[in-house]
Amino acid sequence: MQRKQSIVLTGLITSMLLVGCGQAAQSGDVAATTTSQGGVDYKVASVRWADWGEDYHTGFPDEAAKEAGITVSWDTILNSDWADKKAVLLAGGDLPDAFMGSICFSESDILTNTGSFIPLDDYIDEYMPNFKKIMEEDPTMKALATSADGHIYGLPSKKPCRPTVANQMFINKQWLDNLGLEVPTTYEEFEAVLEAFKNEDANGNGDANDEIPFGQGYADSVMFFCLPFGTTLGADGTYMMAIQNGEPVYLPTTENYKEGVEWMHECFEKGLIDPELFTEDASMRDAKLMSETPIVGVAPGWTADSTFGANASQYVALPALKGPSGEQYISADPEHWNYSRYEFVVTSACKNPGPLLAWVDKFYTEDASIQNFYGSFGIGVDKDENGNYTVLEPTDGNSADTHAWIKSLRDFGPKYVKEGFNDKVSYAAENGDASKLALDAEMKKYAKEAYPNVSYTTEQLNTLSTLFTDIDAYVSSNQATWVTEGGIEEQWDDYISTLNNMGYENFIQIQQDAYKTYMANK
């Protein structure tokens, strides 16, 4: 029988609090101050996607602060207001003691404003036993914590209940049944199915010309269509990097990419791909994906329901198709998807970081991590006497995902769970995370090594910001032309030559150097 548990919290060493009280800052309301009860008060800012209220911190985070003998005054900032506020703060405005959540600052923000943030290296040994142990046992967490200059400015996270598979392809099973077809398992079979979708009345509405065999979804349409050729774009496709044969590669310069785009053009010529793939806006895409009578046969996305809405029941996940080499590929990037950097940073305004970091160290347990992902015990999740967790059904009329954002830090803030943790979690009702994990169980065996979440130096970031804008625009322009008009084979050598003239060799050298630094930090 399941039982609701009160929040499990570890007591803080009394001597630590005494030191903290004696060193509290006295200047201004943004720095840590001694409270009338003898604790220390800290101001912590967090950026939120929407105005979901303050319940996200009134559960575990605030209770943990009480146990730690500190108080936390929260400054909740809406993402729509954050760009302007961030510019003011980094230009010399009144900083809070800390920021919670990787949404707050990019690595570039931090490394180009190191005067506003303090290195945490010297505090971890004394104040963060949980996190110190994690870094010793998990080299990925150590590498993610360490910035390119060798210091730790922000605390990383490994989230619970996250998949290995990122976005994936979904196919209309009702259309297959209508035409007496099986789910394809190879890229040739897939092309044949798309031809049937185009040439026959697959949706059964009496019009054999309204079907779009392959349409734009909520992921990179070209890279997902070409997946059987090895275009394994990760969850974070910022620089379109991958690892092949143990080395970093920029996918749009690989043979996999060239062969895949050439095949995609052949399919485009046959009318198997939406002719508006490169020109339609988001509203046009959504109207097609969620039309009253389904008109899109295949598209990539996160889950069927998030991609096709009310039509989701007609769609199933497309298997990892065998490509020309016989290999099967999926879009898998567990490090970018499950791990993150800079989930908690301490600013130069904080005069006494120790007790604050001791509080955050409490976030690095499995009990804390699942509460900070779904909501506190009894609200978002329960734990039974065998150490298993049940994610509760929302009682406020919201979807499970929205409920989690309202009741917890959700994707943001420090967390950590070990391998196998997800096996201890079940769901009391329909849940997007549950459905994604079910899909993941079938597909994750095809995951290939992905380009990791590397750290760049300030100089590297500045160079990348200059180089990649032009490189990416050139690649995108050629991609659209090659899919719709062809010519990739004849133009490939000139394409590579032009990229080199644009600074591609410097770009890939930076990626290789960053990868080496990352691996050395593990």
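Visitor: Which residues do ring pairs link into a cluster?

Guide: In this predicted model, local features need pLDDT of at least 70 and side-chain atom pairs count only at pLDDT 80 or more, while totals for chains, interfaces and linings use all residues. Residues are numbered from 1 along each chain as its sequence is written, and side-chain values use heavy atoms, with hydrogens and water left out. Rings of Phe, Tyr and Trp (its six-membered ring) pair if their centres lie within 6.5 Å; planes under 30 degrees apart are stacked, over 60 edge-to-face and the rest tilted. Here, the cluster joins Y56, F60, W74, F344, W359 and F363.

Visitor: How many aromatic pairs does a search of the whole structure find?

Guide: The search finds 40 aromatic pairs. One of them, Y250 with F507, is edge-to-face, at 5.2 Å centre to centre and 75° between the planes. Y250 lies in strand β9 (residues 247–250) and F507 in helix α22, 257 residues apart. Both Y250 and F507 are buried (under 20% relative accessible area, 1.4 Å probe, protein chains only).

Visitor: How are two packed helices described?

Guide: The description uses the angle between their axes and the distance between the axes. In this structure, the axes of α20 (residues 458–485) and α22 (residues 504–521) come within 10 Å and cross at roughly 135°.

Visitor: Which residues make the contact?

Guide: Contact means heavy atoms within 4.5 Å. On α20 the residues are Q460, T463, L464, L467, F468 and I471; on α22 they are Y504, N506, F507, I510, Q511, D513 and A514.

Methods: Axes fitted to C-alpha atoms, helices over the stretch in contact; angles between N-to-C directions. Helix = DSSP H or I, 4+ residues; strand = E, 2+ residues; numbered from the N terminus. Buried < 20%, exposed > 50% of the residue type's maximum accessible area, 1.4 Å probe, protein only.
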